[in-house]
Amino acid sequence: MKEKLKVGILGGTGMVGQRFVDLLAEHPWYEIKTIAASPRSAGKTYEEAVGGRWKMDRPIPEAAKNLVVKDVGDVEAVAADVDFVFSAVDMSKDEIKRIEEDYAKTETPVVSNNSAHRWTPDVPMMIPEINPQHAEVIEFQKKRLATNRGFIAVKPNCSIQSYTPALSAWKAFEPYEVVATTYQAISGAGKNFDEWPEMVGNVIPFIGGEEEKSEKEPLRIWGHIENGQIVPADNIKITCQCVRIPVLYGHTAACFVKFKKQPSKQELIDALTSFSGEPQKLELPSAPKQFIAYMEEENRPQVALDVDYERGMGVSIGRLREDSIYDWKFIGLSHNTLRGAAGGAVLCAELLTAKDYITKK
């Protein structure tokens, strides 16, 4: 790409917003032009607005330090400076729906990390390796919004990234019933151990709203477009429990699967390691070269060893073995703030850029 696209980050001071800043500071296609946040941060430099709350491992990028934060509610002013925006705003769902549509109606595409529009029928919710074809619904959305280039696209919940890719790789074997338990890092709640000391040495067996998302969102990803809307798949059932555990990054899943066809273990492993999609074909900047890794060791994947696989954009699968009640069971691991949040949204934007949905204004 000869000339970088100008990017805005909505909600740039929170944990996911910070991850966007970290990922985009040296991106080959995108340039951070604007950071917007709440009125209390507006008017400050980004370094001042974040203060002592910077949570990334690397320092605040020089490219962002001195940017003056804008009020996210000043839609026209923010949109005027950018070609598109990433959204990580911390508001109620109704407020998020409204403000993301307001940005789209300024002819500014919105790629959102938020859940508010995940079930809006004409908004694509994508894991780019799995359902890139859902981008086609954008044309119907633009008609509804009365826009020429403005639209909203979203990425799914972080909790499903550790098992949905495996199930997608096994589509030919027709999985039809899944039991999953996810063990989720505290950064998924936007916190670290300094802010949440009661999580040290603790497990909390409840995460509000996560189980419904974990059971339903894969069905939408596997769905099809009909009459300008995405219709969820109905040929598989998932039940899930979601548990918060004392790790900073990394969502682990323990899954049990029934198949209509009866694959061998080697067939399942081969399907995992050969699975790839449009991001790999197009060699998108954030795409992992190997999307899914299968680990032969009995004690892998582990958060401490494997969460950063493929710069946090790959998925690790292990402990695939036959089950006495279900057909097969396995363990999955994904990075929740990279593949599962900001990194996944950046990869979605790259796909939409490569397909000419996102262009210069």
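Which helix does E215 lie in? The close-up views below start with that residue, and every one of them shows a predicted model.

**View 1. E215 sits in helix α8.**
Helix α8 covers residues 210–221, and E215 is part of it. Is this residue buried or exposed? E215 is buried, and it has no salt bridge. If you look for the nearest side chain of opposite charge, you will find K216, 5.5 Å away. A salt bridge would need a side-chain nitrogen of Lys or Arg within 4 Å of a carboxyl oxygen of Asp or Glu. Now set aside the neighbours within four places in sequence: E215 is then in contact with I238, T239 and C240.

**View 2. Strand β11 is largely enclosed by the rest of the structure.**
This strand spans residues 251–259. Why can we call it largely enclosed? Because seven of its nine residues are buried. Here, buried means under 20% relative accessible area. Let us meet the partners of β11 in turn. Strand β7, residues 175–184, pairs with β11 in the antiparallel sense over eight bridges. Across this pairing, Y183 stands opposite T252 of β11. Strand β14, residues 328–334, also pairs with β11 in the antiparallel sense, over seven bridges. Here you can look for A254, whose bridge partner in β14 is I331. While you are viewing these strands, keep a general rule in mind: in a regular strand, side chains alternate between the two faces of the sheet.

**View 3. Six strands form an open sheet with parallel pairing.**
Follow the strands across the sheet and you will read the order β3-β2-β1-β4-β5-β6. Which strands are at the edges? They are β3 (70–71) and β6 (152–154), each of which pairs on one side only. Strand β4 (residues 84–87) and strand β5 (residues 110–112) run parallel and are joined by three bridges. To find your place, look for V85, which stands opposite V110 in β5.

**View 4. K44 lies in a loop between a strand and a helix.**
The strand is β2 (30–37) and the helix is α2 (46–50). How accessible is K44? Its relative accessibility is 35%, so K44 counts as partly exposed. Along the chain, K44 and L67 are 23 residues apart, yet their C-alpha atoms are separated by 8.3 Å. L67 is also one of the residues in contact with K44 once neighbours within four places in sequence are left aside; the others are A49, V68 and V69.

Note on methods: Residues are numbered from 1 along each chain as its sequence is written. This is a predicted model: local features need pLDDT of at least 70, side-chain atom pairs count only at pLDDT 80 or more; totals for chains, interfaces and linings use all residues. Side-chain values use heavy atoms; hydrogens and water are left out. Buried means under 20% relative accessible area, exposed over 50%, partly exposed in between (1.4 Å probe, protein chains only). Helices (H or I, at least four residues) and strands (E, at least two) are DSSP runs, numbered from the N terminus. Two strands pair if DSSP finds at least two bridges between them. Lys and Arg count as positive and Asp and Glu as negative; His and the chain ends are not counted. Contact means heavy atoms within 4.5 Å.
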